[in-house]
Amino acid sequence: MRETCEELGITEDKIELCGELDYLVTHMGPIIHPFVGRLANEVKLDCNSDEVAEIFTVPLNFLLVSEPRVAHMELANRATADFPFDLLPRHPHDWYKRKGYNIYFYEYQGHVIWGLTARILHGFIKRFHKELQANIL
């Protein structure tokens, strides 16, 4: 709530908290606990330019019928020149793939939602698709 209010220039009374989504463990380590909220109809957004470059909206029904573009990213390790390969002769000398993950891209009217935001959005739509479809479409 604090972040939303700070970034969008609104007060807590303009947000109806709907619930918590599944937590997300990022590939760099931090754990994200996303929440879903609904903004009051009359709310005027005033973005904090130190925190937000741009505000745009995407209709929920558009997201329900649009599949995101999906790309794959791989995480890997590579030893530096000072790595003691003599102590670990079977350790790979080149890049060593650790794991991979999908990155989602939602495109709407020249805007692209991607990264953690798209990952959270994808999880939300996947989890509540049937309920949202029944109430919106």
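This is a predicted model: local features need pLDDT of at least 70, side-chain atom pairs count only at pLDDT 80 or more; totals for chains, interfaces and linings use all residues.
Strands, as named here, are DSSP runs of at least two residues, numbered from the N terminus. Leu17 is found in one of them, strand S1, which covers residues 15-20.

Confidence comes next. The chain has a mean pLDDT of 89, and 98% of its residues reach 70 or more. Among the elements of the chain, strand S7 (residues 111-113) has the highest mean pLDDT, at 96, while H3 has the lowest, at 85.

Helix H3 spans residues 115-136 and holds both Phe124 and Phe128, which are four residues apart, about one turn of the helix. A search of the whole structure finds four aromatic pairs. In the pair formed by Phe124 and Phe128, the ring centres are 5.6 Å apart and the planes stand at 50°, so the pair is tilted. Phe124 counts as buried because its relative accessibility is 14%, under the 20% cut-off. Phe128 has a relative accessible area of 25% and is therefore partly exposed.

Ile32 lies in strand S3, residues 31-32. With a relative accessible area of 27%, Ile32 is partly exposed. Leaving aside residues up to four places away in sequence, Ile32 touches Tyr23, Leu24, Thr26, Leu116 and Ile120. Ile32 and Ile120 are 88 residues apart along the chain, and their C-alpha atoms are separated by 9.2 Å.

Technical notes
Residues are numbered from 1 along each chain as its sequence is written. Side-chain values use heavy atoms; hydrogens and water are left out. Rings of Phe, Tyr and Trp (its six-membered ring) pair if their centres lie within 6.5 Å; planes under 30 degrees apart count as stacked, over 60 as edge-to-face and the rest as tilted. Buried means under 20% relative accessible area, exposed over 50%, partly exposed in between (1.4 Å probe, protein chains only). pLDDT is the predictor's confidence in each residue, from 0 to 100. Contact means heavy atoms within 4.5 Å.
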